[in-house]
Amino acid sequence: MGSGYLIIAGAIMLFSWLVSSKLKSKFELYSKLQLRNGMSGAEIAEKMLADNGIRDVRVISTPGQLTDHYNPSDKTVNLSEAVYNHRNAAAAAVAAHECGHAVQHSIGYEWLTMRSKLVPIVSVASNYVQWILIAGILMIRTFPQLLLIGIIIFAATTLFSIITLPVEYDASNRALAWLENKHMLTQEEQAGAKDALKWAARTYVVAAIGSIATLLYYISIYSGSRRN
């Protein structure tokens with residue numbers, strides 16, 4: 001690996017750590033902001049689904065922290081135990097955000113559909129792509145096509161991270177709009193939910209930037225080998 005890659009990787013890792021640390025501190029802050037309406041994350045999720053006419057999606061509790069997600073294959077909103085049971089602004093934000101994905105699924109939101117189609121490819125690619133890229137670099141003079149294959153596979157994972165951005169931002173926008181329009185939160189709670197989701201979305205931005213930068217690095221190695 002060249003020094004250029006190490007500098008880029010180091011900068012991205014630092015930025016990622018800063019954003020993650022900020023996100024953690026925000027969620028700790030808004031976890032202390034108890035909801036005046038007294039609703040738990042599970043109750044928030046169930047009401048948002050009902051208000052959007054979604055009757056075939058279950059809200060369930062899943063073990064761990066930051067394990068919240070919507071599963072389109074079995075139509076479940078999976079909320080971590082803290083979000084499912086707790087009654088604070090952070091829990092409301094996360095619960096509504098995951099329901100935002102359920103709403104996307106119900107209306108056939110194109111970016112979510114596109115991302116879902118890439119999931120099987122990315123799942124397989126992520127297991128092998130780094131080994132192919134490393135082997136491609138080591139064999140760049142004798143078998144440059146191997147690096148090109150690795151670049152093409154890695155490009156699919158980069159595309160996935162890019163497509164994830166509008167999916168996540170749209171889910172947050174749907175969540176915040178519903179929370180506000182239905183007067184679910186006080187002004188202070190709404191501001192906290194908005195701030196928490198803003199920082200959560202930035203983690204996806206960092207991931208996408210990192211993936212693009214890494215892809216460009218491997219492309220530059222391949223291009224350089226073709227000129228030599």
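A residue counts as buried when its relative accessible area is under 20%.

**Figure 1. Overview of the predicted chain.** The model shown in all views is a predicted one. Of the 228 residues in the chain, 44% are buried. The chain has 7 helices and 3 strands, and its elements follow the order α-α-β-β-β-α-α-α-α-α from the N terminus on. Taken along the principal axes, the C-alpha atoms fill a box of roughly 65 × 35 × 30 Å.

Figure 2. The structure holds 2 aromatic pairs. In the pair shown here, the ring centres of phenylalanine 154 and tyrosine 218 are 6.2 Å apart and the ring planes stand at 70°, so the arrangement is edge-to-face. The reasoning rests on a cut-off: planes over 60 degrees apart count as edge-to-face. Phenylalanine 154 belongs to helix H6 (residues 144-181) and tyrosine 218 to helix H7 (residues 187-227), so the pair ties together parts that are 64 residues apart in sequence. Both phenylalanine 154 and tyrosine 218 are buried. Together with Tyr217, these residues form one aromatic cluster.

Figure 3. The side chain of arginine 174 meets that of aspartate 170 in a salt bridge, with 2.5 Å from N to O. Both residues lie in helix H6, 4 residues apart, which is about one turn of the helix. Aspartate 170 has a relative accessible area of 17% and is therefore buried, whereas arginine 174, at 25%, is partly exposed. Arginine 174 also lies over the face of tyrosine 109, at 5.6 Å from the ring centre.

Figure 4. In one of them, the closest N and O atoms of lysine 198 and aspartate 195 are 3.2 Å apart. These two residues are separated by about one helical turn, because they stand 3 residues apart in helix H7. Lysine 198 is partly exposed, at 37% relative accessibility, while aspartate 195, at 12%, is buried. Salt bridges with shared partners join Lys26, Asp195 and Lys198 into one network.

**Figure 5. A charge over a tryptophan ring.** Arginine 202 lies over the face of tryptophan 199. The distance to the ring centre is 4.4 Å.

**Figure 6. Lysine 75 and its loop.** Lysine 75 is found in the loop between strand E2 (69-71) and strand E3 (76-80). Its phi is positive, about 55°, although the residue is not a glycine. Most residues other than glycine have a negative phi. Lysine 75 forms a salt bridge with aspartate 56, in which the closest N and O atoms are 2.6 Å apart. The pair links distant parts of the chain, 19 residues apart, with aspartate 56 in the loop between helix H2 (41-51) and strand E1 (58-62). Both partners are partly exposed: aspartate 56 has 46% relative accessibility and lysine 75 has 31%.

**Figure 7. Histidine 183 between H6 and H7.** Histidine 183 is placed in the loop between H6 and H7. This residue, which is not a glycine, has a positive phi near 55°. At 68% relative accessibility, histidine 183 counts as exposed.

**Figure 8. A nonpolar patch on the surface.** Trp131, Ile134, Leu138, Met139 and Phe143 make a nonpolar surface patch of about 560 Å². One of these residues, tryptophan 131, is found in helix H5 (residues 110-138). With a relative accessible area of 65%, tryptophan 131 is exposed.

Figure 9. Alanine 11 lies in helix H1 (residues 3-30) and is partly exposed, at 46% relative accessibility. Methionine 114, in helix H5, is partly exposed at 38% relative accessibility. The C-alpha atoms of methionine 114 and isoleucine 163 are separated by 7.7 Å, and the two residues are 49 residues apart along the chain.

How values were computed. Residues are numbered from 1 along each chain as its sequence is written. This is a predicted model: local features need pLDDT of at least 70, side-chain atom pairs count only at pLDDT 80 or more; totals for chains, interfaces and linings use all residues. Side-chain values use heavy atoms; hydrogens and water are left out. Rings of Phe, Tyr and Trp (its six-membered ring) pair if their centres lie within 6.5 Å; planes under 30 degrees apart count as stacked, over 60 as edge-to-face and the rest as tilted. Buried means under 20% relative accessible area, exposed over 50%, partly exposed in between (1.4 Å probe, protein chains only). A charge sits over a ring if NZ of Lys or CZ of Arg is within 6 Å of the ring centre and within 35 degrees of the ring normal. Patches are made of residues with over 30% relative accessible area and no salt bridge: like charges are joined within 9 Å, nonpolar side chains (Val, Leu, Ile, Met, Phe, Trp, Tyr) within 5 Å. Accessible areas come from the Shrake-Rupley method with a 1.4 Å probe; for residues, only the protein chains shown count as cover. A salt bridge is a side-chain nitrogen of Lys or Arg within 4 Å of a carboxyl oxygen of Asp or Glu.
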